[in-house]
Each structure stands twice: as C-alpha cells, then as structure tokens.
Amino acid sequence: MSRALLLLLCTLCCQLVSAQGFLRTDGTRIVNEAGEKYLLKGMGLGGWMLQEGYMMKTAGFAPTQHQLRARIAEVVGEAEAETFYQNWRDNHFREADVQKMKEAGFNSVRLPMHFNLFTPPIEDEPIAGEQTWLEEGFRRTDELIQWCKARDMYVVLDLHAAPGGQGDDVAISDRDLSKPSLWESEANKDKTVALWRRLAERYADEPTVAGYDLINEINYILPGNVAIRELYGRITDTIRAVDTRHIIFIEGNGFANDFTGLTPPWDDNMVYSPHKYWNFNDQGSVQWMFDLGATYNVPIYLGETGENSNVWFHDAAKLLEDNNIGFAWWPWKKIDDIAGPVSVELNPGYQDLLDYWAGTGPMPSATDAVNALAVLTENALLENAKFQQDVTHALLVQTQEATTVPYLETHAVPGVIHAVNYDMGGLGNAYEDTQNANYRISTGGDFTAWNNGWSYRNDGVDIEPCTDTELNNGFNVGWTDDGEWLQYAINVTEPGLYDVTVRTASGAGGGQLSLRSGEEPLVEALATGATGGWQNWQNTTFRNVTLTDVDTKLRLYIDQGGYNIGGMQLTRVAASSALDTDFLTAEATENTSVRVTFNKSLKREGLRASDFSLSVNGEAASVTAAEFTEGTTRTVTLATDTRLRSADVICVTYTGADLAATDDLIVQPFNCRPVDNRIALAYPIPGTLQAEDFFRMSGVEVENSGDVGGTQNIGFLDPQDFLDYNVDVSAAGTYSVDYRTAAADGFTGRFLLQLLDDNDEATTLHDISFPSTGGWQTYETVSAPAVTLPAGPQRLRILVVDGAVNVNYLVFSLLTDVQEDRLPLALAVSPNPTSDVITITGELPAALGLNLTVTDNLGRQVLRRALPVATQINTQISLADLPAGAYYLRLSGRGGEWYGTSVVRE
C-alpha cells in the first residue's frame, strides 16, 4: 500500500471518528464549522467527579464532599474510603451512560470538574507556589471525551469546584471554611489559572470539547464583580496563549446570574452562561438573558437548570429553544430521586449509614459499612439503576410534538391497567393535574410538591407506594383533585360490552369518577365513597361500557377528588347488541353548537339535522346542521343559529329512526334531555371587567384589594406578562375604556390592550400608560384611548410593557353604535359610587318608554324595571338589596339605547 493511500485512509478514518468539528460563536448563535446554528442540548454530570450532599442524601449533616468523605473514613478507614470513591467514579458514569444520553436525544455533556482530581490543594503542594498534576482527573476527562467523540456529542468542561472554593454555598464547590477561599488566596487563583492552561494545552486540538466554563456558580460578595473580571481575564489570557479556537463560557456572580462588571465581552469567541431554577417559565423569566445576548451580540447558554417536575422541564426547554438558548440539564443521576433521568436505588445498608450519621441509628460495623458502600456503587451502574424515560421525553420529545405514547406498553383490553402507568405526553395531553411544578423563586419561597408521594414518576400526578394486593404494581395515584384525569393507550382485542372495575380508597368522603374514550364520555359517572383509610380499598364498577377497536385512548376522569386509585380491571361481559343504543350525555362549550354523545359507536349514515331540536330557556331553537364531531365515533355536533350563553338552560330532543350504532341497533328517540352548559363565562361589554377574572395569564399574581368595586387586584407584573379575558360584546362599536390602577411613588406602568383571533394573533387596540398614585392600594381612574370592538364573543389581552402598577378593574362604555338608526340618550347617573340610591336624569329625543336592567360583573341580571313614557327622566332607583360591588346599568327602548358607565355600590 502506498504512503499516499495510507494517508488518505487515515484521514478518512479520523473524519469518521469525529465529524462534528469545532464549535464557535457567530453573533448571538453558536455555530458549527459549516456556519450552521448548533443548539446545545445536554446533561450535567453532577455527582460524578464532585458529590454534593443533597445528591448523596447527606445535606443535613455533610453538605460538602470533604465532609462526607470524612464521615465515611470514620467508619471504614481512609483506604476503604478511597476504594469507595474510585469505585464510585468507575460506576457512576461510563460509556453506557453516554450511549443512553445519545439515544434519548442529547447532543452534549457538561462535565463538572473538581480541581482536586487534577491538582492537589495548595496546602498539599510539596513546594509552595508550584503545581503538581494528578492523572486521575485528566484520565477520566480523556475517557469521557472519547466516548462523546464516538457519538458526535460535545463536552463542556466546567470548573465546578475551584481551588479554595468560589462561593458561600459551600456544597456546590466543596469549600472548606477552615481554609482560604479562592477569593482570599492568590495561591488559589494561581492554581486556577494554571489548571486552565494545562487543560487548554491538552485539548486545544480536540473539536469534541465545545469550550471551557471557567468557574461555576460564584456566590460571593465581591463589589462590582471586579475580582471576578480580573480572574476571568487572567484565565482567558492563559487559555488564548495556547488555544485560540475553543469557546469560553462565562458565568456571573450570584449563582451565575449577576453579570455586573462582566460586560462587554473581552473575547471574540465568548458565551454568557446564566442558570435558571424554580421560577416561572414565561418570557419574562428569560427576557433578561435574551437582552444580554442581543445587547452584546453574544450567544446565551444555560449552563444549569432542572431539579423540578416534567411540566417545568417541558415548559423551560420549549422556552429556551424558542429563544435560541442552549442548555445543560442538572443532573443525570441521583440517589432515590424522581426529578432526573436516572435514579440510583437507595440500599438498606447505606440507609443505615445515613441514620447513623444523622444521629438516629447505631454505628454499623466497618464490614457492614464497606458492604453497604459497595452495593451503592453497584446500584450506580446504569444497568442497575432506573432510567426514567418520562423525564427525557418531557425534555426532548414533548417540546417538539404534542402526541402521546404508552408509558411502558399499550394496555390489552380485556385486562388490567395500573393507574400509575398512564401515557407520556405531558400536561393536558396525557394527564391533567392541578399542582404540577415548583415555582418557589417566583412565589415567595413556597415549595410546591408536584408529586406528593415523591414516587415512580416525575409528572404532576401524585404517586405513592401501595399496600393493596389487587390491580396495582406496588404504587397508587393519590391526592386527587377535581378536574384531574389520566389517559391510557389501549388495544381492544375483543369489542363488546364491558364492566370496568376501578380500585379506590379514601380516608375522607370519596368523590366521583367517569370514563371517556379520548374526550368522549363512555358511561354515566359513578360515586366512590369513603373506605375508612387511604390504604383500605374497595371496587367501584362501571357497567354497560361499550368498547371497540376504534377506542385507543381510555381516560379516567376525577370529576370530584378525594380518593386514591390503584388500577382498573376491564372485563368483557357481552356483545354490544345486548344494550340499547341511547342518549348518554350532551354538553355545550361553544356559543353556536351542542355536542350529543351516545352510548355506542355510530354508523355514519342516517344522521339528519331535522331529527334533532333544542330548547333554550324554554324556547325552541332550531338545529341548522348535524355532523359527527371530528375524531369521535359516538358524538354528534348540532349547530344552531341561536346564540348560546353560559347561563342558558338547554335541552335536546331526538325524534328520528334511522341513526344506528355499528351493531345495527337504532338510536332510541328521547325528549328534552339536559345539556351540560360548559360555555366559558364571558364578561359583558359594555360593563366592568374585573382584572382578576382572566381565563389565562402569564407571570401575574392576585391579591386582596383595598379599593371599592372589586375584592381583588392584579399586581407584581413584569414586562411581557399578559392576561387574557373572555368577553361578550353586545354591539359592535366604539368603546371608552377606564382603568382603575394604583402604583407607589416612583413607579409607573404601561399596557397594550389587544384583540386576539382564533390563532392567538394579536391586534393592538390601544397603548396606555399609568402614573404613580402614591401607594399600591391608592387607586385612580385612568381614561384610555377609545377602542373599536366587533360584536359577539371576543378575547382581549392585556400585554404588560412596563409592569410596576396594580389594576383593580376596567370599565367599557359604548360611545358610538354601528347601527345608525339608534338614537343616543343624554342621561346621567348620580351619585356614583353610591351607598344606596342612584338618580337617573336627562332629556330624551322623543317620548320614550325605557327598560332599565342592572347586571352584576358575571353578566347575571339582578334588577329590571320599566320606566314610564316621557321626554324627560328623573327617576330614583334603590340598590339597597344588592351587595357591595360593581354593576352594569343599561337603559334601552324603542328608538334608542344608552349604555352608561358601571355603577359601584359601596
């Protein structure tokens, strides 16, 4: 073989081994060698080279690694302690872990390095001021890089524990408070700089290394961050002396987020790397990061985030991707924990050690302790640990698509379904749960346990160990609340009529359950009562449930919570033809239609609108069209030209004879069956819109108000926060808008009022600013520019531009009506606010008889009166029977309509 051919083959082999090339910055993007955007999506390897106490279950008595090591050595001796740490590093992270990361969809790893695996502490140097190098850290880093190189994954080198320790949170950097910190010792700074030069020399030509994260999470009082900038500058200079290609990642002070004094960037291949934990996942939570990058034309990389629920993970990952921010989740592996991809089993022997160290148990023998630590290290092997696929699915799959997949496998029907094995797919797709994430940074420090049982899965669903011997896998769902539900992928191999037995337990009063195929009801709801204890179990059985092979998603709804759920048994009892085809339920969720569900899957032919009729508040309403609801087999949508509202009483009648189930049994006629009215409450315009009556919001808090005309107000707003409202505009036209706001001295606010379309695209109606009023509960009325609104159900959004203001309510008043034949009425109402009586005065354009109606802020009529025919009006109306609050007064009559401002009764 010629030398030229040999050289060519070697070159090709090298290219195959590492095809990704060096990463670099290009403006606000990280790009590959081809100039294509590369979004890092990685995992942090906390607990491998550096153990933080909380990961090892020792935070209460040994928060740092050196304290834990001393505890171990106390029991087993220094030699066995060293053996444990070598075995731990051997097992905790291996090539198999990298492969699992790759398969899950990660493209990078952030390596938290402890300096003492690369060089001894300054106190242990044989010659003061000189640097000794240790092979352990370099060897393990080399191995990690090779594992990642073989899979086209990148490695970010992160100095997690700097010489001396870089912060006052000592666990993060294994800081020993009896010795000088990084910032108190020039020798520690020199060692830090020397370590980075050594690393840069070693990896200068290694493209698998994405870059160098100089110091992790400094949390130390350093005025103006001057000392940090100086040390960062020294490290950058020493790296650039030997390596000009790798990215330099810069973290701020204050757990990485205070970049005071660290701008502008001093290198042309630099990334700012903040961290994010336990706050809201709205745009406001990352806007400052986005602005930091945009201002200085540098990329942003979130070096750490995690330690939360799958809901939080999904929302955060999606938010970061939408803002072009790469990330490294924290951490890959912990002991006995649901909030990460891999959980290491906590063995009984190690628990004995924890009990001894905590002062609640006896000291184990050295032999028992050695064995316990050996078992723990064996449990740390990936194949012996639990890979929690729900975590990685939330991070990497649910952010890209909203489909659901089975958690373990599709459930065969007939058969048993374990309650905790609901589908993966996220909140609102695979399950619904009321408490689903921890936002303690944004909510004043209050911790919310998303999974109160802290077992099995990391979703909002609460799961705990179960002692029952039937229909469960050792765990049950608990802490159930109204409106929650669970979905299960099923495969009905034997269509027919089923009994579905649900295993429940309740220490209180029980509640109510229902079953659905997707969103279609399958059977009437059932009550489940108290059983005398949360682990005292009983059966609740749904009868006459028809299932066919088109039923692929079974949902268990907790209509009224207050019980535990272990599992379900689905038993076929007969062919579906043993049950008449009949009405099951009906509901209205839109203003123009009613959905009617039958107890069986129906044939498509034989459906006619003329066979159905509606009654609304006792009056007939025509059905203009009837069609099968998309994606359903049992549900028919009936359209009507009668506008339906949230307070209407509706029923449905069927008189046909041609609509039949798939088993050929025709639908039985029925008369005036009740319709469940679930039409969203829409607040009437003109009228008063209470600020807290939003149906959707981001970043907003509600508090009790000291103002009249509203019991609560919104506040604590930030730029990009928003509030969405359902409103019902009675007439198209131009409306005045008055805001009731308050702000302390020196604070102001600014909002955009927007109209949303069906795709949530916004049209701005006006831009309004609010002054300081002298106090957060000192309210003033601010008149905004008039807006033009179309008639009918609408959605309004308040978008916060500057949020330092409280809002109690908004008042919409009609100025001009698009119907020109209506005459304006020049009337006045006083006093307003009032404690009892109002007086209506004014002249009319002709002799008119007016109707007066008063509605509350939910649109409910609370007073109605006919006024005498006259050309002038001077009438007193008593509001004494109404509770304090804001009301809308409307006068209407032949020849004209007048819409006044809201009336407030104090």
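**Rings and strands**

Trainee: How exposed is F747?
Mentor: F747 is partly exposed, at 38% relative accessible area. Buried means under 20%, exposed over 50%, partly exposed in between (1.4 Å probe, protein chains only). The model is predicted: local features need pLDDT of at least 70, side-chain atom pairs pLDDT 80 or more, while totals for chains, interfaces and linings use all residues. Residues are numbered from 1 along each chain as its sequence is written, and side-chain values use heavy atoms, without hydrogens and water.

Trainee: OK, how many aromatic pairs in the whole structure?
Mentor: The search finds 32. Rings of Phe, Tyr and Trp (its six-membered ring) pair with centres within 6.5 Å; planes under 30 degrees apart are stacked, over 60 edge-to-face, the rest tilted. F598 and F670 are a tilted pair, 6.3 Å centre to centre with 50° between planes. F598 is in strand β29 and F670 in strand β35, 72 residues apart. Strands are DSSP runs of E, at least two residues, numbered from the N terminus.

Trainee: Is F598 buried or exposed?
Mentor: F598 is buried, because its relative accessibility is 0%. F670 is buried too, at 4%.

Trainee: Back to F747. Why is its pair with W776 called tilted?
Mentor: The centres are 5.1 Å apart and the planes at 50°, so the pair is tilted. F747 is in the loop between β43 and β44, W776 in strand β46, so the pair ties together parts 29 residues apart in sequence.

Trainee: New topic. In what sense do β28 and β29 pair?
Mentor: Antiparallel, over five bridges. Pairing takes at least two DSSP bridges. A hairpin joins β28 to β29 through two residues.

Conventions:
Helices (H or I, at least four residues) and strands (E, at least two) are DSSP runs, numbered from the N terminus.
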